Amino acid sequence: MRSTASALILLSIILCAGAPTATAQSTFSPEEKERLAASVREEFAHAWTGYKKYAWGHDALRPISKTGFNWYSAPLLMAQIDALDTMILMGFKAEADSTREYILTHLSFDHDMYVKAFEINIRLLGGLLSSYQLTGDERFLKLARDLGDRLIPIFQSPTGLPYVEVNLRTGAVRGTKTNPAEIGTYLIEFGTLTRLTGEAKYYNYAKYALLNLYERRSDIGLYGDGIDCVSGEWTGTTSHISACIDSYFEYLVKGALMFEDTDCLAIWREAQAALKTYVADSTASGLWYGRVDMNTGKRTATIAGALDAFYPAVLVLAGDSKQAAALQESFFTMWKRHGLEPAEFDYTTMKAVKPGYYLNPEIMESAFYLYRATGDQRYLAMGKVFLDSLEAYCRTDGGYAELKNVVTKEKMDRMETYFLAETLKYLYLLFAPENTVNLDGLFFNTEAHPLRKTW
Ligand code: DMJ
């Protein structure tokens, strides 16, 4: 039975590898790379034009109905802030200058509304800090500091684990059901704010949250995917590298490198070893990271997904390019299965479990880091497949649309702003000349906002 199942999986991998969008070109001349970088740049211009034409001043674009929408009662200019550093890196100077002025003359955080702190931190605080570093415009730092101060109440819980939401005007907090990703994804932005302003409180709050999370790991060094920030009790005990935990690991590695924080390094090493022991799963279809019980390490599901594809990038940064490369191959297999990756995929049956694709960037991010680390043109070939698939299945005349279902390719009327911040940025950087960004001392926050270690 088992060998028949393995043979079927292998057969489906071979068949998938032959699908039209999955043809992997093997060599790329400098001209070809340049052409591909230019195509990504054009696609960015297309998506941005859609936003400008139909959603200007709003947080984001609905690319099918050609309308804009805001996340909350007042706009926070998510798309502009998320897109600005990508525009700068791609050399859209005039567009970047006018967007910058719009942000600086229209953005205010003084609104009586609750916002999701995690998203506001990675998209807006990260974006403002990187825009400050790229332009030198002090007004960005002033806005970043104002936002940082408005977010601080989330950290004032009985456990030091942050609340989920904060009212930007009153500082009232709410939402106690949180998770490791929403607890451990502040250090890069808050740490940068500390280094740029000289005020220690930002770094300390973010670090204290992280240490309090670490204290709650299981006896075998794993984390669950839900925790209450008031009681400190786990509310979800499934361990994996996916949504709700993912960027905690990313910020441990980046925190260690960016701030030379030895606690982060030690915590990361312990987490990495536990993940390798219990969560990693070598199967006939390749290396995967599945789901296990955080207390026993027992496997509960053979599910991976689009968001998990950030992990090869983190492994590259942590110095394990070999495991990163093996894992990236599995994610590429997952992508090729339907020509786009699903949110959740069962790597035993090779079927999409949650079939949506929300224009996610993680697999491109990992291809970019692996290409920079190894110089292997295989990652350019992957990038070309990603670009072709995006154009074939997600492009609309109003911008780019998420997919409700990667099997049927049915579209959704939504273009997440991280498509402008991350997906197209990593694809562009994969093909663009290496000196477009010097990675020495430069770290992308989890929304791909580049932050330079100037300290
Ligand atoms: C982004 O908002 C961030 O990268 C986050 O950490 C999780 N993934 C989404 C995009 O997929």
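Predicted model: local features only at pLDDT ≥ 70, side-chain atom pairs only at ≥ 80, totals over all residues.
View 1. Besides α5 (117-135), the helices α7 (180-183), α10 (246-259), α14 (362-374) and α16 (418-431) each supply at least two lining residues. Sorted by class, the lining has 13 charged, 11 nonpolar and 4 polar residues.

**View 2. An open sheet of 3 strands.** Here the strands run in the order β6-β7-β8, with antiparallel pairing. β6 (177-178) and β8 (234-236) are the edge strands, each pairing on one side only. Between β6 and β7 (residues 226-228) there are 2 bridges. Look for K177, which stands opposite D228 in β7.

**View 3. Aromatic pairs, F190 with Y202 and Y289 with Y311.** The whole structure has 30 aromatic pairs. For F190 and Y202, the ring centres are 6.2 Å apart and the planes meet at 65°, over the 60 degrees that counts as edge-to-face. This pair joins helix α8 (residues 187-197) to helix α9 (residues 201-214), and both F190 and Y202 are buried. Y289 and Y311 form a tilted pair, because their planes are at 55°, with centres 5.1 Å apart. Y289 sits in strand β11 (residues 286-289) and Y311 in helix α12 (residues 311-317), 22 residues apart. Y289 is buried at 2% relative accessibility, and Y311 is buried at 0%.

**View 4. Arginines over rings.** The charged end of R41 sits over the ring of F92, 4.0 Å from its centre. R174 lies over the face of Y114, at 3.9 Å from the ring centre.

Notes
Residues numbered from 1 in each chain as written. Heavy atoms only, no water. Helix = DSSP H or I, 4+ residues; strand = E, 2+ residues; numbered from the N terminus. Nonpolar A, V, L, I, M, F, W, Y, C, P; charged D, E, K, R; others polar. Pairing = 2+ DSSP bridges. Phe/Tyr/Trp six-rings, centres within 6.5 Å; stacked < 30°, edge-to-face > 60°. Buried < 20%, exposed > 50% of the residue type's maximum accessible area, 1.4 Å probe, protein only. Lys NZ or Arg CZ within 6 Å of the ring centre and 35° of its normal.
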